[in-house]
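Please look over the sequence and the structure below.

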Amino acid sequence: MTASPHADRHTLHAALQSGIALLQQNRFADAVRLADDLVAAHPDDPRSLDFASEAHLANDDPKQALELIGRAVAASGGALALELKRVQLLVRMRRRIEARTTIARLAATAAAGDPRVLWQLGTLLASCNDPAGALRLFERSHRVAGDVPRLLYDMATALFFTGRFDEAERNLETLLAQAPQAGHALYLRATLRRQTAEANHVEDLRTRLTAGFGDRAEEAACRYALAKELEDLGHHDDAFIALETAAACKRSTLQYDLTGEIATFDTIRASFTGDPAPSGAAGEGTVFIVGMPRSGTTLVERLLVNGANARSAGELLDFGTLLGDAVRHRLSDMPPGTDAAAAALTIDFAALGRDYLEGAAQMVDGHTRFIDKMPVNFMYCGMIRRALPGARIIHLVRDPLDSCHAVYKTLFFNAYHFSYRQEELADYFIAYRRLMQHWHAVMPGAILDVRYEDLVTDPEAQGRRIFDWCGWRWDAAALGNATTQTAFTTASAAQVREPVHTRSIGRARRHAAALQPLLSRLQAAGLVGDLPPP
């Protein structure tokens, strides 16, 4: 006797509940086995296909997960929730052209009148390094949803990245009228421009701090805003006091141990001991700009975008992510206990390079010249040279004390957790410099060092040097200011649109006494000499 459809649905529901429990217990292989059985029994049921996609994704098989969620979309007749899952997976797998095409289709059809989904699609588009496109979707959502604080913040961020600072500030003021404790909005507002005696928010920020914050992270952001505005006004001692309080407040919200990161640097140095470059031109036209954050990387990016017809791919996580995936897969084929660094030496670097270029090219619409400005790619210089021997690596070098001070006074979004305690910042900087010295030693002539101080003092001479290194013809247009036609998805999005200036050179020395925990470590490492008395 054949089971009734009702009973069949009940059985499938029970099995799906069991599968969800397996995922919650991290029993991913068991979940995949159950999912595959359910798909075999219910090949056209969107629920079984959706669960199977989740199970395969949890079991580190995104390719199969994508195939399954595509089938689920088709079986459901284009259910919007499943379409969204699929586009999220496309973004995760760096299939950005397909993701953008799907986003455009959904925004024009199924999601056209749904402000929540338009907002979500805009967020996905922003992750594809398209803040201008994301802004258009945010604005459509806003026209229906109204002044939702978090949406206003996302709109302001997109406006910030595209250089539309006045509009961003208006959005933030509307937001803050509704959510006075939105500390990150206060910080973004402070970074939109240099504050002046005639136009600043210092008293407003102090009033909000007096009223108190229920969330330590939001309080920290407000304190960073106060420090930044006081510095703009030339109240340097008060600014640093506010900064120290802000950094301590932010650090208290983080669970972070620097030891593991420094150990990784040391392992890389011990493992990559020879010039790894194969012959070939893979990666030609690709420029990696590396170094510490706030060291001038975005200024070099601006030169190349303005004068070399190069496209910015933003701060891509791709190379490190793909490298990590390749190492994990290699380890699965090696004896238990094999060191990850040893496995890294045996991966298929040519395949790594191809995978990287495929995803990065989609970020810049297939343009033949592009820039990856992820600073922490300094960790991977040897791996980049092996995977992409035709690529160029440019390393920004800045005075150690100025470099660390610039990092210390910046509030980063979910990144650079070492930057909120002076001792940790110093130890990270020392490890970074040690690793860069190693790359220069084992790959002589493979990396171009550009000193920040030289770059801002004589941008044309350094620009010509950079262009020559890349093999590109110099164009004086490189020296122009950025326009709103170019997005810079970085914390430096406001500064990079200003004329080149030298006012940051030596700025940290006025705070040498307060920076003593940092300074003493840098001096002990031989990176900073004795400073002249103030």
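Contact here means heavy atoms within 4.5 Å. The model is predicted, so local features need pLDDT of at least 70 and side-chain atom pairs count only at pLDDT 80 or more, while totals for chains, interfaces and linings use all residues. Residues are numbered from 1 along each chain as its sequence is written, and side-chain values use heavy atoms, with hydrogens and water left out.

- Glu-424 is part of helix H22, residues 422–442; helices are DSSP runs (H or I, at least four residues), numbered from the N terminus.
- Glu-424 counts as buried because its relative accessibility is 11%, and buried means under 20% relative accessible area (1.4 Å probe, protein chains only).
- Apart from neighbours within four places in sequence, Glu-424 touches Arg-251, Tyr-256, Leu-258, His-417 and Phe-418.

**Nonpolar cores**

- A nonpolar core is a set of buried Ala, Val, Leu, Ile, Met, Phe, Trp, Tyr and Cys residues joined through side-chain atoms within 4.5 Å.
- The largest such core has 147 residues, and Phe-418 is among the members that touch the most others, as are Leu-121 and Trp-439.
- H22 supplies the largest share of this core, 11 residues.
- A second, separate core has 23 residues, including Val-300, Leu-303 and Cys-470.

**Helices H16 and H24**

- The axes of H16 (residues 297–307) and H24 (residues 459–470) come within 11 Å and cross at roughly 70°; axes are lines fitted to C-alpha atoms over the stretch in contact, and angles run from 0 to 180 degrees between N-to-C directions.
- H16 is therefore roughly perpendicular to H24, a label for angles of 65 to 115 degrees.
- Val-300, Leu-303, Leu-304 and Gly-307 of H16 meet Gly-463, Ile-466, Phe-467 and Cys-470 of H24.
- By class, this contact of H16 with H24 has 6 nonpolar, 2 polar and no charged residues; Ala, Val, Leu, Ile, Met, Phe, Trp, Tyr, Cys and Pro count as nonpolar, Asp, Glu, Lys and Arg as charged, and the others, Gly among them, as polar.

**Helices H7 and H8**

- The axes of H7 (residues 115–126) and H8 (residues 131–145) come within 8 Å and cross at roughly 165°.
- H7 and H8 are therefore roughly antiparallel, the label for angles over 145 degrees.
- Among the residues making the contact are Leu-121 of H7 and Arg-140 of H8.
- By class, the contact of H7 with H8 has 11 nonpolar, 4 polar and 1 charged residues.

Methods: Helices (H or I, at least four residues) and strands (E, at least two) are DSSP runs, numbered from the N terminus. Buried means under 20% relative accessible area, exposed over 50%, partly exposed in between (1.4 Å probe, protein chains only). Angles under 35 degrees count as roughly parallel, over 145 as roughly antiparallel, 65 to 115 as roughly perpendicular and the rest as oblique.
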